[in-house]
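Q: I would like to learn how to read a model like this one. Can we go through it feature by feature?

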Amino acid sequence: MMSAFTVRLPDETVAKLDQLAEKVDRSRSYVAAQAIEDYVARQEWQLAEIEAGLEEADRGEFASEKNLVGVIAKYVKPASGR
């Protein structure tokens, strides 16, 4: 089942949406629906991850200092000596 509703957007956004729809050879409605579906999926995932993290914190499950040092070392290069 699919539902329809009205969304008000600034004219500039509608123009960009129309340009994008033309480039991908789809309707404005299709492109807008895809954008909304992607946004909803991303938000659901992000909120689920946040909730899982909060549950871990409530249980006292934190990374050790050794774990943190390992992660930081993976992404931060040591300062070069002079």
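Q: How many aromatic pairs does the count come to?
A: A pair of aromatic rings is described by the distance of the centres and the angle of the planes. The rule takes rings of Phe, Tyr and Trp (its six-membered ring) with centres within 6.5 Å; planes under 30 degrees apart are stacked, over 60 edge-to-face, and the rest tilted. Here the count comes to 0 aromatic pairs.

Q: Which charged end sits over the ring of Tyr-30?
A: The test needs NZ of Lys or CZ of Arg within 6 Å of the ring centre and within 35 degrees of the ring normal. Arg-26 provides the charged end, 4.3 Å from the centre of the Tyr-30 ring.

Q: What ground rules apply?
A: The model is predicted: local features need pLDDT of at least 70, side-chain atom pairs count only at pLDDT 80 or more, and totals for chains, interfaces and linings use all residues. Residues are numbered from 1 along each chain as its sequence is written, and side-chain values use heavy atoms, with hydrogens and water left out.

Q: Where is confidence lowest in the protein chain, and where is it highest?
A: Where pLDDT is low, the predicted coordinates should not be read in detail. pLDDT is the predictor's confidence in each residue, from 0 to 100. The protein chain averages 92, and 98% of the residues score at least 70. Helix H3 (residues 65-75) is lowest, at a mean of 89, and H1 is highest, at 97.

Q: What phi does Asp-25 have?
A: Most residues other than glycine have a negative phi. Asp-25 is not a glycine, yet its phi is positive, about 55°. Asp-25 is found in the loop between H1 and H2.

Q: Is Asp-25 buried or exposed?
A: Buried means under 20% relative accessible area, exposed over 50%, and partly exposed in between (1.4 Å probe, protein chains only). Asp-25 counts as exposed because its relative accessibility is 70%. Ile-72 lies in helix H3 and is exposed too, at 51%.

Q: Which residues lie nearest the centre of the largest pocket?
A: A pocket is an open set of points on a 1 Å grid over the protein atoms alone, where a 1.4 Å probe fits, with protein on both sides within 12 Å along at least five of seven lines; lining residues have an atom within 4 Å of a point. The largest pocket is lined by 19 residues, and nearest its centre are Val-7, Ser-29, Ala-32, Ala-33 and Ile-36. H2 gives the most to this lining, with 8 residues. Ala-33 lies in H2 and counts as partly exposed, at 30% relative accessibility.

Definitions and conventions. Helices (H or I, at least four residues) and strands (E, at least two) are DSSP runs, numbered from the N terminus.
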